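This report covers selected features of one structure: a sheet, one of its residues, a hairpin and a pair of helices.

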Amino acid sequence: GIRIKKDMQQYTLHLSQEKYIEKVLDRFNVADVKPLGVPLQPYDKISKEDCPKTQEVINDMQGVPYASAWGSLMYVMVATRPDIAYAVGVVSRFMANPGKAHWNAVKSITRYLKGTKNKCLCYGKGPLELKSFYNSNMAGDVDTRKSTSGYVFRLASCAVSWCSRLQNVVALSTTEAEYISVTEASKEAIWSACLCSEFGLPEKAPILGCDSQSAICLAKNAMFHARTKHIDVRYHFIREVLEDGLITLIKVHTSQNPTDVLTKCLPKAQHQICIQMVGVT
């Protein structure tokens, strides 16, 4: 279901799933609906409170192909569309007992895909240097108040790896949420660097960009104090990685960090800016 287009004159490679998305829209009878500019609106706050509470509503939802639709969206997200990663992650939390609000959120994602079905990942003549960004959304989950971690790795000016995932613990501050995110991203960075070296690319510590100066200071400071002693030991892995020089952690401006699209719902203008930085064109 993935189309690969190679332009030898422009030295570009495009990956898209336009035909597959059209099949998904036809399958779930949303081919004729009005397109949307974003997968989920910033004011949409779906939660477990929207789950069915009466047997009548439960019976009505049993005929809705929620899991099947989610699976189709998941394949699109994993293959070529990091711009819907956060939205797909949100609707996946209600697989056990979805309600009408959750189903409307799924249809919202399909309406966004209808308007953007021709978008693709575009790899160009950018430097073959692994560069990544990470971010977190403090207490973004309405039900558990857990934060969402997101990271994206770019090579040749386009995304080659991305992730949007709910954290396993409740962070007590924005700094702690960012600290947990950078630890998860560092593991992916080390693996990606090893993979690139197997392809013959120069061995160089991947650059990890962060827009939180406090999280950078915490990662580079091996001191334990009242603000860090409660953090799980495994999240201090980032300190050893930095000491060994396996990754390079730098500060980037928030406007230059594309991972906002992987951690929260954004207005249309900001959403477009982020996906362009990721490499979705």
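## Open sheet

An open sheet of five strands runs in the order E6-E5-E4-E7-E8, and its pairing is mixed. Strands (E, at least two residues) and helices (H or I, at least four) are DSSP runs, numbered from the N terminus; two strands pair if DSSP finds at least two bridges between them. Strand E6 (158-166) and strand E8 (248-251) are the edge strands, each pairing on one side only. From one strand to the next the twist averages 20 degrees.

The model is predicted: local features need pLDDT of at least 70 and side-chain atom pairs count only at pLDDT 80 or more, while totals for chains, interfaces and linings use all residues. Residues are numbered from 1 along each chain as its sequence is written, and side-chain values use heavy atoms, with hydrogens and water left out.

## Strand E5 and Thr 148

Strand E5 (residues 148-155) pairs with E6 in the antiparallel sense over eight bridges. Ser 149 stands opposite Arg 165 in E6.

Thr 148 also has its place in strand E5. Thr 148 is buried, its relative accessible area being 2%; buried means under 20%, exposed over 50% and partly exposed in between, with a 1.4 Å probe and protein chains only. Leaving aside residues up to four places away in sequence, Thr 148 touches Tyr 86, Arg 93, Asn 135, Ser 136, Asn 137, Ser 164, Arg 165, Leu 166, Leu 262 and Thr 263. Contact here means heavy atoms within 4.5 Å.

## Hairpin of E1 and E2

E1 and strand E2 (residues 12-16) pair in the antiparallel sense over five bridges, and Lys 6 stands opposite Leu 13 in E2. The two strands form a hairpin with four residues between them, and Tyr 11 in the turn has a positive phi of about 55 degrees.

Strand E1 (residues 3-7) lies largely in the open, because the number buried among its five residues is zero.

## Helices H6 and H7

The axes of helix H6 (residues 174-198) and helix H7 (residues 213-220) come within 8 Å and cross at roughly 60 degrees. H6 is therefore oblique to H7 (under 35 degrees counts as roughly parallel, over 145 as roughly antiparallel, 65 to 115 as roughly perpendicular and the rest as oblique). Axes are lines fitted to C-alpha atoms, for helices over the stretch in contact, and angles run from 0 to 180 degrees between N-to-C directions.

In H6, Thr 175, Glu 178 and Tyr 179 meet Ser 214, Ala 215, Leu 218 and Ala 219 of H7.
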